[in-house]
Amino acid sequence: MAPPRPGRPAEDVHATDAPLARLRVMLLDPRAHAAILTACAALILFARAGASPLANYDDAFYAEKAKQMLRTGDWLTPHFAGSVRLDNPPLFLWLMAMSFAVLGVNSFAAVLWSALAGVTCVALTHRLARRLGSDAFESWAAALVLLATGYFLKYANHAMFDVFTTALFLAVILAYRRAWEGGRAPWAVVGLITGLGVLTKSALGLFPLVVVALHACWCRRVWRSLATGAWLAPLATIAVVLPWYGYQLVVNHDQFLSEHVGLLLLRNGLGVGLATSPHSSPFAYVRELCLIYWPWLPCAAYGLWIVARESFAPATPYTSASPVPREWKPRDSSRLLFTWVVVVLGVLSAAHEQKLWYAMSVFPALALLSARALATWVPGERLRARFVTWGFGLATAAGAFLALTPIGMPAPRRPDIQALAEAARSMVPEREAIQFSGAYYPAVAHQFVFYSDRSLVPDQGELAPARTALDHGRWALVERDRFPRLSPARDRRYVPVVTAGEWMLVHAAPAPAVVLGRNGPAATGARGVSPE
């Protein structure tokens with residue numbers, strides 16, 4: 001410690017420096033890293049959770065299904081706009097509906113489970129790195145890289161399934177690492193959590209079980225794994241998913257096969273019955289990662305090269321049938337990470353519908369690979385200590401910045417639809433359906449239905465349903481460009497009562513009085529509404 005300056009008592013120096021010294025010691029203590037990283041993740045991910053309205057794709061769609069579960073009491077069969085929709089399994093919808101029941105139907109309750117899953121992913125990534133043999137700095141770096149990945153943070157604040165599915169993926173890999181040491185219980189946990197993944201994301205929930213199986217084969221542990229209870233994993237998975245899938249096959253057989261199997265798995269997944277999509281490419285995911293995974297892309301690429309080299313290096317042969325469990329080796333960790341990345345990106349790259357958030361479960365693996373590179377490039381303890389101290393400082397500062405300032409807040413998502421939804425909630429009687437008349441129903445329907453609390457009936461591309469609804473005294477949501485065809489200038493039967501952006505709420509003449517705000521959600525606002 002530097003000598004005290006003239007005129008400054010020594011005890012004042014100790015009083016000032018001691019708290020900072022204790023803080024630095026705590027930050028550099030590996031035993032405290034998991035708790036501090038979790039706290040930083042919670043601060044960053046919850047700073048603005050639910051601060052803006054839900055996006056039309058796909059947040060409002062899922063949130064409306066969850067809201068319908070809560071209000072109808074039908075927790076087994078999801079509904080949207082009054083119709084049965086079986087394209088998604090129910091687990092995440094159940095959780096969202098429970099948060100609605102406790103916190104009310106609002107944006108924060110909708111994104112709560114994604115934000116919690118994001119915090120869990122950071123904590124589990126740190127834990128997994130330790131279990132894979134990484135030292136304290138590499139484990140810290142893996143968690144911090146994930147927490148500093150913009151794409152991951154973005155979807156941890158969306159009311160979507162993907163970050164939650166990623167948390168389940170990490171939990172399966174951790175259970176598998178425990179199963180390597182022997183015992184049947186961890187294998188049952190592998191299957192149980194995989195089943196929860198299938199109930200969240202359908203076939204994509206099977207990814208961790210595929211990674212586990214291929215890794216066991218590669219490491220010549222098939223018979224050893226079966227002898228210690230690996231056969232329990234698929235049985236536990238089936239036991240978890242069978243009740244809901246069996247129920248839908250019995251109660252909604254044709255629609256379930258059409259929507260969940262035919263549309264979700266065969267059409268969107270395998271492209272059955274569709275021409276090759278111009279957006280599909282074997283390298284689409286790699287190309288997108290090269291565009292968005294900065295500044296960590298060079299680290300991940302070098303880490304992948306390291307684990308690939310270690311994975312295929314010669315090693316002492318091991319007999320899978322040996323009764324003695326083999327100790328987990330560094331090469332086993334390398335093969336696990338390599339298999340993880342190749343399976344997720346390889347399978348999804350062969351799919352017809354390709355969206356990067358489907359591959360969210362690869363981001364923890366990329367964080368672990370990036371940490372491997374950073375651990376190689378930062379070998380000295382003093383330099384590592386500086387990295388850790390500054391890393392925690394920047395994470396805390398980022399969380400405080402997000403929580404205390406409005407800078408960087410995302411722009412409102414479709415304020416025109418928000419405004420029209422409030423108008424419909426105020427003026428359209430409850431339980432009365434609104435007729436849609438526009439080019440593309442999903443472009444506005446999800447957000448409009450969630451925030452208006454009114455059903456929106458598709459028009460199948462024709463004007464007749466809108467005219468019929470209006471002639472019977474109901475309302476229609478009409479695209480502005482379509483209104484002249486619906487109601488020519490000489491025909492004043494239909495009146496645009498409220499207009500916002502490219503859409504208008506239309507009613508038969510005479511136009512009813514415009515009433516805004518009655519029973520409307522305070523979060524939507526009526527900016528951009530133009531009474532006609």
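Colleague: What is the handedness of the crossing where α5 passes α6?

Modeller: In this predicted model, the crossing of α5 past α6 is right-handed.

Colleague: Which residues make that contact?

Modeller: From α5, the contact uses Cys121, Val122, Thr125, His126, Ala129 and Arg130. From α6, it uses Ala136, Ser139, Trp140, Ala142, Ala143, Leu146 and Leu147. By type, the residues of this contact are nine nonpolar, three polar and one charged.

Colleague: At what angle do the axes of α5 and α6 cross?

Modeller: The axes cross at roughly 155° and come within 8 Å. Helix α5 covers residues 107–131, and helix α6 covers residues 136–147. Because angles over 145 degrees count as roughly antiparallel, α5 is roughly antiparallel to α6.

Colleague: Now for α5 and α8. At what angle do their axes cross?

Modeller: The axes of α5 and α8 cross at roughly 25°, and they also come within 8 Å. Angles under 35 degrees count as roughly parallel, so α5 is roughly parallel to α8. The crossing of α5 and α8 is left-handed.

Colleague: Which residues of α5 and α8 make the contact?

Modeller: On α5, they include Trp113, Ala117, Cys121, Leu124 and Leu128. On α8, Phe164, Leu170, Ile173 and Leu174 are among them. The residues of this contact divide into 12 nonpolar, five polar and four charged.

Colleague: Let us change topic. How many residues does the largest nonpolar core have?

Modeller: The largest nonpolar core has 146 residues. Trp340, Phe448, Leu477 and Leu505 have the most contacts inside it.

Colleague: Which helix gives the most to this core?

Modeller: That is helix α8, residues 162–179, which gives 12 residues.

Colleague: And what does Trp340 touch?

Modeller: Leaving aside residues up to four places away in sequence, Trp340 touches Leu128, Phe169, Leu170, Val211, Ser361, Val362, Pro364, Ala365 and Leu368. Another core lies apart from the largest one; it has 10 residues, among them Ala476, Val478, Met504 and Val506.

Colleague: Finally, the whole chain. How many helices and strands are there?

Modeller: The protein chain has 22 helices and eight strands. Of its 532 residues, 51% count as buried.

Colleague: What share of contacts joins residues at least 24 apart in sequence?

Modeller: The share is 75%, taken among contacts between residues at least 6 apart in sequence.

Conventions
Residues are numbered from 1 along each chain as its sequence is written. This is a predicted model: local features need pLDDT of at least 70, side-chain atom pairs count only at pLDDT 80 or more; totals for chains, interfaces and linings use all residues. Side-chain values use heavy atoms; hydrogens and water are left out. Axes are lines fitted to C-alpha atoms, for helices over the stretch in contact, and angles run from 0 to 180 degrees between N-to-C directions. Helices (H or I, at least four residues) and strands (E, at least two) are DSSP runs, numbered from the N terminus. Angles under 35 degrees count as roughly parallel, over 145 as roughly antiparallel, 65 to 115 as roughly perpendicular and the rest as oblique. A crossing is left-handed if the near helix is turned anticlockwise from the far one by less than a right angle, and right-handed if clockwise. Contact means heavy atoms within 4.5 Å. Ala, Val, Leu, Ile, Met, Phe, Trp, Tyr, Cys and Pro count as nonpolar, Asp, Glu, Lys and Arg as charged, and the others, Gly among them, as polar. A nonpolar core is a set of buried Ala, Val, Leu, Ile, Met, Phe, Trp, Tyr and Cys residues joined through side-chain atoms within 4.5 Å. Buried means under 20% relative accessible area, exposed over 50%, partly exposed in between (1.4 Å probe, protein chains only).
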